[in-house]
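Dear colleague,

Please find below the structure that I am handing over to you. I would be grateful if you would look through it before reading my notes.

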Amino acid sequence: MAKKLFLKTLGCAMNVRDSEHMIAELNRVEQYDLTQDESEADLIIINTCSVREKPVNKLFSEIGQFVKHKKKGAKIGVCGCTASHLGKEILKRAPEVSFVLGARNVSKITQAINSEKFVDININYDESEYAFGEFRQNPYKAYINISIGCDKKCAFCIVPHTRGEEISIPHDIILNEAAKAAKNGAKELFLLGQNVNNYGKRLSGGKKGTLNFSQLLSQISKINEVERIRFTSPHPLHMDDEFLEVFASNPKICKSMHMPLQSGSTNILKSMKRGYSKEWFLKRAEKLRQMSPDAAISTDIIVGFPGESEKDFEDTIEVIERVGFEQIFSFKYSARPFTTAAQMTNTIDDETASLRLQRLQSRHASMLDEMSQRYLDKIFEVYFEELRDNGMIAGRTSQNFAVCATGSEELLGKIKNVKITHPQRLILYGQVV
Ligand code: SAH
Ligand code: F3S
């Protein structure tokens, strides 16, 4: 009989893909069926995120819950970025945990479950050419890693310390995986890396790649069965004209660009070590709007970074207003171990940071209310991927707008034209036409 696996995945899309890789590796040795009920699982894995402090703090109370409810003899493992960051300490604080596996050590999962008190968090371990088994949870959208790690040293970010140095995956491996996923029915490919548009700078062993990111996108788009290509996350610094040109002109590339701003203040950007200024960012965004007028731009913003004055925060609001981002992921700064920002003493008090976050979010909400009205009566191509209650079906436009329409199962996995009848801030309601 197949064993049961309870797998909780936190954090970014890379973690989602790492979880799929773990399932594939486990299934090479013996069959595991996924369960949502931890009390019937033979194996409980939590794939963690450590970008902000909160989920890290929650980890130990979560493990406590698993210990309380788990079946006798079931193993608990902690994987991902918090595993990389805390390592052995996890076993000390939670002795019921059997293994700790870092974000760069996914292929060792079968070894981990068969050893007692296994800890491997080596961030120099290189899995960029490892032939992972096949497993995908989403039949419509295939996640494909194109690089691992990150060489940028943004002052606030723990990722380079949990996922190690940046290594691109050879393009032939990516193209094979892309072709296979598309043949298996995934019309949409989602290319993943911490810094995707820096693709090709360094492969395993220090070799340079033969394709850059723009060329990789062009090659992937030649696969017949591929209809949509998305990617995350690009870095604004590497958004050169060649890249914007390929993005704008290739019809298979979804018109949704993530441009993580972090702050609109040149001073703060400098102390974050982002490598660009407010003006430079605005110019790139303007160029993108010019070249791809239909594209939506999303961004990440951190408020309350050490030294952020009221004026710095207002610069951020100004950039938000001038670019008119269609989506914003905004966070309160959280000091992280190993980062240079954690040493800064000019910290912002929590109340000020919370207020700024609130102001930013409510300003953006009203911008979205206004923006969404522009989509009334517009027709979008929607890729339907999820059945909803009450005879509704949901999907995404090329711009990554969420759309909901009346429809049933036969629309799943299809791309259809939808006319928007009731645009709302976060979801556009419409009818298939
Ligand atoms: N290269 C990835 C970054 C991963 S972290 C990317 O560009 O998406 C995702 C986001 O989390 C970052 O863009 C940043 O906005 C936020 N973040 C990272 N470190 C943080 C910290 N210490 N405090 C608050 N937010 C942070
Ligand atoms: Fe983090 Fe900056 Fe890299 S946000 S993942 S160090 S580009």
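The notes below set out what was found, beginning with the overall layout. Please keep in mind that this is a predicted model.

**Domains.** The domain assignment of the protein gives three stretches: domain 1 (3-120), domain 2 (141-373) and domain 3 (376-432). Taken over C-alpha atoms, the centres of domain 1 and domain 3 are 35 Å apart.

The residues around ligand 2 are C150, K152, C154, F156, C157, V159, P160, Q194, H235 and R274. By type, this shell consists of six nonpolar, two polar and two charged residues.

**Helix α8.** This helix covers residues 213-221, and its buried residues are F213, S214, L216, L217, I220 and S221. Viewed down the axis of α8, these buried residues fall within an arc of 160 degrees, so they line one face of the helix. The partners against which the buried residues of α8 pack are α7 (171-183), β10 (188-192), β11 (228-232) and α9 (241-249). At the start of α8, a side-chain oxygen of N212 comes to within 3.1 Å of the backbone nitrogen of S214.

S204 is located in the loop between β10 and α8. Is S204 buried or exposed? Its relative accessibility is 16%, and residues under 20% count as buried, so S204 is buried. The side chain of S204 makes a polar contact with the side chain of D126, at 2.5 Å. Leaving aside residues up to four places away in sequence, S204 touches D126, S128, E129, I167 and S168.

**Backbone points to check.** Most residues other than glycine have a negative phi, and most peptide bonds are trans.

- The peptide bond that joins T232 and S233 is cis, with omega about -5 degrees. S233 is placed in the loop between β11 and α9.
- K117, which is not a glycine, has a positive phi of about 50 degrees. K117 lies in the loop between α5 (109-113) and β6 (118-120), and it is partly exposed, with a relative accessible area of 40%.
- Q262 also has a positive phi, near 70 degrees. Q262 sits in the loop between β12 (256-258) and α10 (266-272), and at 7% relative accessibility it counts as buried.

With kind regards

Terms used
Residues numbered from 1 in each chain as written. Chains lettered and ligands numbered in written order. Predicted model: local features only at pLDDT ≥ 70, side-chain atom pairs only at ≥ 80, totals over all residues. Heavy atoms only, no water. Near = heavy atom within 4 Å. Nonpolar A, V, L, I, M, F, W, Y, C, P; charged D, E, K, R; others polar. Buried < 20%, exposed > 50% of the residue type's maximum accessible area, 1.4 Å probe, protein only. Helix = DSSP H or I, 4+ residues; strand = E, 2+ residues; numbered from the N terminus. Arc of directions from axis to C-beta. Contact = heavy atoms within 4.5 Å. Polar contact = N/O pair within 3.5 Å; in protein donor to acceptor, adjacent residues only side chain to side chain. Domains from an automatic or database assignment.
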